[in-house]
Amino acid sequence: MPAILETAASTGQLIVAAIIGFATIVTLITAFKLHPFLSLTIGSFIVGAIAKMSLSEMLAAYSNGVGSTVASVGALIALGAIIGKLLADSGGADEIVDTLVRKAPPAALPWAMALIGAVIGLPMFFEIGLVLLVPVILLVTRRSKLPLMRVAIPALAGLSTMHAFVPPHPGPLAAIGLLQADLGTTLGFGVLIAIPTVVVAGPLFSRLAARWVPVDAPDLFLNADEDGRSGTAPGHPKFSVTLMTVLLPVILMMSKALADIFAVKGTTIRNIWDFLGEPMFALLLTTLLAIVTLGKTSGMDRDAISDSVGASLPPIAGILLIVAAGGGFKQILVDTGIAKLLANGITQSSISPLLMAWLVAVVVRLATGSATVATVTAAGILEPVAASLPPTHVALLVLAIGCGSVFFSHVNDAGFWLIKEYFGISVGENIKTWSLMESVLSVCGLILVLSVSVTV
């Protein structure tokens, strides 16, 4: 079908279809406030119609794209949500925070907060991690007497970097599935690039942010946080156990990647790590472990654990639908020949595919305010390009898209308003701190991706 469809419409019609399709999606999301799932779906059919696909062809392409995307990442996103919810409900997240803050002297608190944001952000969606971190940020700011931005920016940098670069977050998982990237390789490069990115956008940039916006913590969550709490709360899982649970899927998947590199194919050790490091099994094993190490050890009974698991799934329904619709949109682009046309234009230009991937994600991010929409849209456009790249560069392509997907959060991003209201600052102050931090994170990550690409 793709070969026939590519001759059904001229090159000019395909270009017009792509432009009108992208413009429709952006307009529906930004001007009409239509949910990205509906916007992507409508945009998909508009592209197909202009590119002279029949109704049956459009439906088949869209359905195939949705189905393959959900099949590849849907269960992984759900398992990640369950782990994150158990971490929050069991008090495990509080235990990580309390332990790290207690051991850090005031001068090291920005670095400790960056680590907290990264650890909390590893298994959690951004919005969940943000809600969890805000009371901690305000409490630490009051106790340490540091400016709010010296504490907040590092924590937010750690959280946002994990959201953009590291599976099992929806964006990276979707891009990995769409581009057929190796998860272990992407995870390894993602962690490698995330560490210096967090340092630059977090503790280092927070010095400037604190000067530009010298504010203290607002009187929010005052009663809950100023209770003199110290030590380990009864029923909380131990710090070491919590940390082991959170890091287990990362360890398993990275071990698989190392085994694929250094172990001979077909050997027992290679087969064992290929099984243990398979994303589905790694996250399923971690979920089952979390039920015991986070749920039961914190005193949660069967009903409480069941309620926690059940409550973790409804909030991700919208994310799953967006990712699925992004897969449908991608398949429309592929089956009409638009993706191949765009890919040829990128490969024949002098612009690096990695830089182009970042630019496409930046444009969609600025227009829609959604990192997830930016990721799945850019991944769909770059899919034919990925097919011509070596595996290591496909992994870097995923990370370049992730970098672009978080560039300059502004007024069309829900996270922008959450942070503004929580911290009690003005729109201008939020732009000078949170928005610029996201931009520093994005550009720093891109520079590191490009640097790695010339060495591998």
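Guide: Here is a close look at one pair of helices.

This is a predicted model, where local features need pLDDT of at least 70, side-chain atom pairs count only at pLDDT 80 or more, and totals for chains, interfaces and linings use all residues. Residues are numbered from 1 along each chain as its sequence is written, and side-chain values use heavy atoms, with hydrogens and water left out.

Two packed helices are described by the angle between their axes and the distance between the axes. Our pair is helix α10, residues 183–212, and helix α12, residues 239–262. Helices here are DSSP runs (H or I, at least four residues), numbered from the N terminus. The axes of α10 and α12 come within 8 Å and cross at roughly 110°; axes are lines fitted to C-alpha atoms over the stretch in contact, with angles from 0 to 180 degrees between N-to-C directions. The two helices are therefore roughly perpendicular to each other, a term for angles of 65 to 115 degrees. The crossing of α10 past α12 is left-handed, that is, the near helix is turned anticlockwise from the far one by less than a right angle.

Who makes the contact (heavy atoms within 4.5 Å)? On α10, look for Leu 183, Gly 184, Thr 185, Leu 187, Gly 188 and Val 191. On α12, find Val 250, Met 253, Met 254 and Ala 257. By class, this contact has seven nonpolar, three polar and no charged residues. Ala, Val, Leu, Ile, Met, Phe, Trp, Tyr, Cys and Pro count as nonpolar, Asp, Glu, Lys and Arg as charged, and the others, Gly among them, as polar.

Notes. Parallel < 35°, antiparallel > 145°, perpendicular 65-115°, else oblique. Contact = heavy atoms within 4.5 Å.
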